[in-house]
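Colleague: I have just opened this entry and have not worked with it before. Could you take me through it step by step?
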Amino acid sequence: MDRRPGLSVRLKLTLSYAGFVMLAGALLLAAVGVFLVRQGWLQTNEQGAWQVGPGISFIRGFTPVAAWLMLFLLVFGLLGGWLLSGRMLAPLARITDATRTAATGSLSHRVRLPGRQDEFRELADAFDAMLARLEAHLAEQQRFAANASHELRTPLAISKSLLDVARTDPSQDTGEILDRLQAVNTRAIDLTEALLLLSRANRQSFTREHVDLSLLAEEAAETLLPLAEKHGVTLATDGDITPTIGSPALLLQLTTNLMHNAIVHNLPERGSVWVSTGIRPTSVVLTVENTGERVAPERVPTLTEPFQRGTERVHTDHAGVGLGLAIVRSITQAHGGTLTLVPRPAGGLRITVELPAAPRP
């Protein structure tokens, strides 16, 4: 933004300080004059001139002293104001330098302003926290872009290979190639739709309505029951009415993703998934717990990153695209909630989504 040149803040503070010092000096001189008049030490003669004694003119005697005093106050105010304002604005200069450094793309720089808490240090701490969030967000976006490019490139490369085979080998079974192309194309479509859903949740572009999480859990369980039976997983739901406010479609997607992950990443046989809902004084809770392989605690925070799997990549028709928990995290944050992942000692995970409760009528 183009602005016309103006006075610096330091110069404005200096002039203001000097002006207040001179005003205080003038008021002090006026107060001295009033005091002298009231005490009878300063009187007027027959000609109306002020005098402090017979033949002693107050104006002639005091004017040079007052002038030198005001000049001293002016110099003192300017010099003192310049030094004090420079010292007071030094932290702001450090913050400005850090801002310019960040503008060049270097987000690793921090102000780290020493000293006790005040407005400038509060601003510096907030700026450092913002830079840390931006740096983490940028790193996450770069990882996401790299992983998304890799995930999208894989089905395209497979499709190209299948088309090359069909073109160079006329004896190849066309039906088999078409089936494999359809499967690869379906996976690419699922990945693209998941990316769009993730972007929609991040933008928070949805209409908020009253939603009951317990009903969404039952609906998701009915939808995924055939998948659970195919994997030999027992799916159980239980809970209270949990009213919240949000997007029914996104919250249903959140619940479905949690149950889908719990079913797919489970024991090879006789696995279990428990889904429960509950209400707290100011929030509602959805908990999905499953059996499965043990998950190292240090690996848990990475599970919500895009294209991360809890264990090795699952090669099934329902393996997903690696965005399940990333979508869950984005939907939870978009609704002002929190997502908590805790590894179970016996194996598997306990995932808890806590959302603000709907206001009671």
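Colleague: Let us start with a helix. Which residues are buried in α7?

Modeller: Please keep in mind that this is a predicted model. In α7, the buried residues are G324, L325, A326, I327, V328, R329, S330, I331, T332 and A334. The helix is mostly covered, with ten of its eleven residues buried.

Colleague: What happens just after α7?

Modeller: There, G336 takes a positive phi of about 75°.

Colleague: Which residues other than glycine have a positive phi?

Modeller: R112 is one of them, with a positive phi of about 50°. R270 is another example, its phi being near 55°.

Colleague: Where do R112 and R270 lie?

Modeller: R112 is placed in the loop between α2 (58-103) and α3 (119-168). R270 belongs to the loop between α6 and β7.

Colleague: Are they buried or exposed?

Modeller: R112 counts as exposed, at 61% relative accessibility. R270 is exposed as well, with a relative accessible area of 77%.

Colleague: Changing topic: in what order do the strands of the open sheet come?

Modeller: Five strands form that open sheet, in the order β5-β7-β8-β10-β9, and the pairing is mixed. The edge strands are β5 and β9 (338-343), each of which pairs on one side only. On average, neighbouring strands of this sheet are turned by 10° against each other, with direction ignored.

Colleague: How many bridges join β5 to β7?

Modeller: Seven bridges join these two strands, and β5 and β7 run parallel. One example is T234, whose bridge partner in β7 is S272.

Colleague: Which helices pack on it?

Modeller: Among them, α5 lies across β5, β7, β8 and β10, and runs at about 170° to β5. Helix α7 also packs on the sheet, where it touches β9 and β10. The direction of α7 makes about 140° with that of β9.

Colleague: Take V273, then. What is V273 in contact with, beyond four places in sequence?

Modeller: V273 is in contact with V233, T234, L235, A236, A262, I263, N266, V288, E289 and N290.

Colleague: One last item: L195. Where is it, and how far from L323?

Modeller: L195 is in helix α4, and counts as buried at 17% relative accessibility. L195 and L323 are 128 residues apart in sequence and 7.9 Å apart in space, C-alpha to C-alpha.

Conventions
Residues are numbered from 1 along each chain as its sequence is written. This is a predicted model: local features need pLDDT of at least 70, side-chain atom pairs count only at pLDDT 80 or more; totals for chains, interfaces and linings use all residues. Side-chain values use heavy atoms; hydrogens and water are left out. Contact means heavy atoms within 4.5 Å. Buried means under 20% relative accessible area, exposed over 50%, partly exposed in between (1.4 Å probe, protein chains only). Helices (H or I, at least four residues) and strands (E, at least two) are DSSP runs, numbered from the N terminus. Two strands pair if DSSP finds at least two bridges between them. Axes are lines fitted to C-alpha atoms, for helices over the stretch in contact, and angles run from 0 to 180 degrees between N-to-C directions.
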